[in-house]
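Hi everyone, thanks for coming. Have a look at the screen first.

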Amino acid sequence: DVPGDRPEPVRAGQPAAAYRAAQCLLKAEPERAQRLLEHSATGGNPAAQETLGRACIEGAGIDAACAKKWLQPAAAQGRASAMSVLAWLYAREGTPESLSQASKLYRAAAEAGDVAAQNNLGELFETGRGVSREPALALGWYRKGAENGFAPAQFNLARLLAFGIGTERDATAARAWATK
């Protein structure tokens with residue numbers, strides 16, 4: 001028997017074990033893996049919560065309510081990648097309140113090193129969506145993501161350098177980032 005494969009109260013350490021077991025069984029026994037994943041997420045495992053949250057937005061449609069149900073507790077536990085995906089959900093809603101929430105989550109995730117959040121926070125500062133329009137800050141966040149190897153941030157940094165947005169024009173640096 002795999003730990004966490006029973007519908008009993010969650011014991012200390014069990015959510016993490018159930019998550020690892022679910023990952024091992026994903027291809028061989030997908031239904032069992034799903035039960036373990038749900039057990040782990042319900043028990044508070046942020047990786048399992050994020051996995052279930054992402055599943056709600058992948059595929060044919062986006063179930064934002066389902067995604068938020070799982071991503072919010074994972075983000076509250078400080079999981080940067082969950083914060084970044086949750087911020088994306090808020091940003092796509094486009095209301096002033098949701099954009100404000102998105103910018104806060106993107107900033108927290110970006111400061112924790114999430115490269116997608118670094119790029120997306122740069123986009124908010126470049127466009128002024130949910131934050132004040134500050135091209136120099138956009139450039140800085142794009143640079144962080146670019147230096148961490150995130151291709152969309154490398155492109156965005158190259159674009160701002162090429163057109164002198166938030167900085168002096170620098171065609172040589174722009175070409176170097178675009179090449180990466």
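This is a predicted model: local features need pLDDT of at least 70, side-chain atom pairs count only at pLDDT 80 or more; totals for chains, interfaces and linings use all residues.

Residues are numbered from 1 along each chain as its sequence is written, and side-chain values use heavy atoms, with hydrogens and water left out.

Okay, the big picture. How many helices and strands does the protein have? There are ten helices and zero strands. Helices here are DSSP runs of H or I with at least four residues, strands are runs of E with at least two, and both are numbered from the N terminus. Going along the sequence, the pattern reads α-α-α-α-α-α-α-α-α-α. Take the principal axes, and the C-alpha atoms fill a box of roughly 60 × 35 × 30 Å. Of the 180 residues, 43% count as buried. Buried means under 20% relative accessible area, exposed means over 50%, and partly exposed is in between, using a 1.4 Å probe and protein chains only. And if you take contacts (heavy atoms within 4.5 Å) between residues at least 6 apart in sequence, 40% of them join residues at least 24 apart.

Now, helix pairs. Let's begin with H4, residues 64–76, and H5, residues 80–93: their axes come within 9 Å and cross at roughly 140°. The axes are lines fitted to C-alpha atoms, for helices over the stretch in contact, and the angles run from 0 to 180 degrees between N-to-C directions. How do we name an angle like that? Under 35 degrees counts as roughly parallel, over 145 as roughly antiparallel, 65 to 115 as roughly perpendicular, and the rest as oblique. So H4 and H5 are oblique to each other. Their crossing is left-handed, a label used if the near helix is turned anticlockwise from the far one by less than a right angle; clockwise would be right-handed.

Who's touching whom there? On the H4 side you'll find residues including Ala64, Leu71 and Ala75, and they meet a set in H5 that includes Met83, Leu86 and Tyr90. By class, this contact has eleven nonpolar, one polar and two charged residues. For the classes, Ala, Val, Leu, Ile, Met, Phe, Trp, Tyr, Cys and Pro are nonpolar, Asp, Glu, Lys and Arg are charged, and the others, Gly among them, are polar.

Next pair: H7 (residues 115–127) and H8 (residues 135–147) pack at about 165°, with their axes 8 Å apart. That makes H7 roughly antiparallel to H8. Among the residues making the contact are Leu121 and Phe125 of H7, along with Trp141 and Tyr142 of H8. The class count here is eight nonpolar, four polar and three charged. H7 and H8 also have a left-handed crossing.

H7 has another partner, H9: the two pack at about 30° with axes 9 Å apart. H7 passes H9 in a left-handed crossing. Here Asn119, Glu123 and Glu126 in H7 meet Pro152, Ala153, Asn156, Arg159 and Leu160 in H9. This contact has three nonpolar, two polar and three charged residues.

Keep an eye on asparagine 156, which sits in H9, residues 151–163. Is asparagine 156 buried or exposed? It's buried, at 8% relative accessible area. Skipping neighbours within four places in sequence, asparagine 156 contacts Asn119, Glu123 and Tyr142.

On to the cysteines. A disulfide is a covalent bond between the sulfur atoms of two cysteines. In practice we call it one when the two sulfur atoms are within 2.5 Å, and by this rule the count is one. Cysteine 56 and cysteine 66 are the pair, with sulfur atoms 1.9 Å apart. Cysteine 56 lies in the loop between H3 (46–55) and H4, while cysteine 66 is in H4, ten residues apart. Cysteine 56 is buried at 11%, but cysteine 66 is partly exposed at 24%. Cysteine 24, meanwhile, counts as exposed, at 66%.

Two last stops. Arginine 20, in H1 (residues 14–25), is exposed at 52%. Glutamate 38, in H2 (residues 30–42), is partly exposed at 37%.
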